[in-house]
Amino acid sequence: MTVTMWTSDKVAWKYAKLTLAGVAFAIALPGFAHADRYPLAPQTKLRVTVVQWIPSKGEYQKWEPVGGEYVVSAAGTIALPLVGSMDVAELDSAELATEIAERLKAKTGLINTPDATVEILEYPPIYMVGSVTTPGGYQFKPGMTVLQALALSGGRYRSSTEGGSKGEIGMLGELQEVHNDILRTLGRIARLQAESADAKEIHFPRELTGSSDDKVSAEIMTQEQIIFSTRKNGLQRQLDNLSELRSLFSSEIEILGTKTETLDKGIKLVEDELAGVKSLVERGIATVSRRSELERAVASLQSNRLDEVTAAMRARQNLSEATRNSLSLRDKQQTDISTDLQEAQANLDRLKIKEDVLKKVLIVSGSSMANDRQNEDTAEPSLSFTVVRRVQGRIEETVASESTPLLSGDVVKVTINQRSRPRATAFTEGAPSQ
């Protein structure tokens, strides 16, 4: 075989896109749709975080005993402190977070519902069996289709007599995945830069706005815009609360100052009266008891004045603390953004290097699969797919197509039909249910 060396990235992508023509066509089918929700299957690893806003401190307090990492049991349950055992088989992460918050509110008798979040750390894998190059379990990602799972497993099984390398399909799938990861990282960097500059909107790079992968790019930009708005609104709420707290302390200081001035006037009046009474007592006109009564009144007013001065000092201290918290909140946000931005930039560099290596390897290999795809006279065996899924405690098998969405824990059976390439058959592409 003669291997032609190419150095242009454009040529590399032309070759990659040519070989991935089937993938692009399957994704572009009108009936294709991602699953809207992903119920928590057994063995799903998740992290629960519960926080509550404390107005008196002007900060969020984390419920450490409740939060932590949990794994959904085989029975579809998790057990949380205070909440107890929960059946999560029919819930997704957002619904579980709501349920945890409501149960905590009812259990503890809180007036306001605490904020609970559920983050999926790891989905149960999907499994590829049958006529694939590398059978086994593979990491599941939301929105994964049968074709993407097939690419991860190395494509259909090929005997040693067939042209092409067994790993080329897997390499092409990995190249597409790396390309998508680059787009996601670019979207994240654009969002972090907007947060760092305190911008009103995100300015996405041309790689996303002018990408040929319109659906993937649109989804990435939508997700980053949601994160941007949520984080911006959350920070603004905390700053507004601290601002209100500072206003309250300022008002309290003014009121205490007014009360102190009033007490000073009262003390002055009583002291003047006491001076007059002392003169009358010396001349025998007024009694000693009257003088003692006025002296006690002066002492009481002076004691009250000291209390007001102490309260004013305490209010000034609280005002200073609220101001420091407001500044610290902004500083912490900038520090976190800078750290995340550095990590995203480093990850982008790694992904670009990996993408470049994969392109060069595919070019050097002189993939015979691309030649076979261009040759219309070459017969290619078709594949049949069956998805095995546990639904409400029972096992169901469903005939699927390349664009069928998968759920975590699914088993995909791949069978080779030894005949000429058939005409594409229709399959209902509705969102899967569990």
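**Entry 1: Lys-413 and Glu-397**

I looked up Lys-413 and found that its side chain forms a salt bridge with Glu-397, with the closest N and O atoms 3.2 Å apart. The model I am reading is a predicted one. I then placed the two partners: Lys-413 sits in strand 11 (residues 411-417) and Glu-397 in strand 10 (residues 394-400). They are 16 residues apart, and the pair links distant parts of the chain. I checked accessibility for both. Glu-397 counts as exposed because its relative accessibility is 52%, and the cut-off for exposed is over 50%. Lys-413, at 34%, counts as partly exposed.

**Entry 2: Glu-224 and Arg-191**

Next I went to Glu-224, which forms a salt bridge with Arg-191. The closest N and O atoms in this pair are 2.9 Å apart. Glu-224 belongs to helix 7 (residues 214-282) and Arg-191 to helix 5, so the bridge ties together parts that lie 33 residues apart in sequence. Are these two residues buried or exposed? I noted Glu-224 as buried, with a relative accessible area of 9%. Arg-191 is buried too, at 7%. Both labels follow because buried means under 20% relative accessible area.

**Entry 3: Glu-177 and Lys-141**

I stayed with helix 5 (residues 168-196), where Glu-177 is located. The side chain of Glu-177 meets that of Lys-141 in a salt bridge, 2.9 Å from N to O. Lys-141 is in the loop between strand 8 (136-138) and helix 4 (146-152), and the partners are 36 residues apart. I recorded Glu-177 as partly exposed, with 27% relative accessibility. Lys-141 is also partly exposed, at 34%.

**Entry 4: Total and network**

How many salt bridges does the structure hold? I wrote down 19.

**Entry 5: A nonpolar patch**

Which residues make the nonpolar surface patch of about 250 Å²? I listed Ile-353, Val-357 and Val-361. I located Ile-353 in helix 8 (residues 288-365). Ile-353 counts as exposed, at 56% relative accessibility.

Definitions and conventions:
Residues numbered from 1 in each chain as written. Predicted model: local features only at pLDDT ≥ 70, side-chain atom pairs only at ≥ 80, totals over all residues. Heavy atoms only, no water. Salt bridge = Lys/Arg side-chain N within 4 Å of Asp/Glu carboxyl O. Helix = DSSP H or I, 4+ residues; strand = E, 2+ residues; numbered from the N terminus. Buried < 20%, exposed > 50% of the residue type's maximum accessible area, 1.4 Å probe, protein only. Patch = residues over 30% accessible without salt bridge, like charges linked within 9 Å, V, L, I, M, F, W, Y side chains within 5 Å. Areas by Shrake-Rupley, 256 points an atom, 1.4 Å probe, with all protein chains shown as cover.
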